[in-house]
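Welcome, and please load the model in your viewer. We will walk through it one selection at a time.

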Amino acid sequence: MFFKSSRKTSKVEPLVLTTAPSAGIFAGTKVATRHRWAPVEELKVGDKVLTAEGGEQEITRLEVAELSVASVKAAAGQWPLLVPEGAIGNEQALLVSPDTRLVIENEATGILFGEACVTVRAENLIGYRGIARARVKGDLTHITIRFNEAQTLVIEGGIFFDLPAPNGLHRFTPLNDRQSRLLARNMGETDRKERARPVAAGWI
């Protein structure tokens, strides 16, 4: 990937878990660059990563914190979420923050909202295809990536994070909590109908 010679480093500080870490990524998650899948914890300010809509984009700011297990236990509603393999088209399981905006492309998004792709808070997908709060055993490093504009980050395994611009605008239409839960119910109904479809007889 293309890296600038002068780089800033981010000081690691404790993360006070009063609200869910927003738009952040847990260490171990791999992000697309031109030449490889780079672990997010190896990225620096000035590095360039691949985005779904804007091609290569330079990281302008990194915020690094430690997500304490003790803090998570004290605020169980903010526990990280585990997205199982295949839940939203991802090829491998992924740990995400409850407030991470996931890009969803599904037949139901067009029917309900007239959009090919939308973004939802991960927490609103709890219960859909096994998405649930994760049981973590140790502290987790949490990295928030910032760009000058809203970008869609490409994550290993075929999943996309919608990262907001400094003014809070998103690349895709962000659904509110009620709309997100409605979408999850309708995606679930589509899944059930698909599984219940009778198998047609055919010649072997």
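Which side chains meet in a salt bridge at 3.0 Å, N to O? Select D177 and R121: their side chains form that pair. A salt bridge here is a side-chain nitrogen of Lys or Arg within 4 Å of a carboxyl oxygen of Asp or Glu. D177 sits in helix 3 (residues 177–196) and R121 in strand 11, so distant parts of the chain, 56 residues apart, are linked. Helices (H or I, at least four residues) and strands (E, at least two) are DSSP runs, numbered from the N terminus.

Before going on, a word on what you are viewing. This is a predicted model, in which local features need pLDDT of at least 70 and side-chain atom pairs count only at pLDDT 80 or more, while totals for chains, interfaces and linings use all residues. Residues are numbered from 1 along each chain as its sequence is written, and side-chain values use heavy atoms, with hydrogens and water left out.

**Around R121**

Because R121 lies in strand 11 (residues 117–121) and D99 in the loop between strand 9 (94–96) and strand 10 (101–105), the pair ties together parts that are 22 residues apart in sequence.

Next, colour by accessibility. R121 is buried, at a relative accessible area of 15%, whereas D99 at 22% and D177 at 32% count as partly exposed. Buried means under 20% relative accessible area, exposed over 50%, and partly exposed in between (1.4 Å probe, protein chains only).

The structure holds 8 salt bridges.

Centre on L183. Leaving aside neighbours within four places in sequence, its contacts (heavy atoms within 4.5 Å) include I104, L112, F113, V120 and L175.

**Zooming out**

Show the whole protein: 3 helices and 16 strands. Of its 204 residues, 42% are buried.
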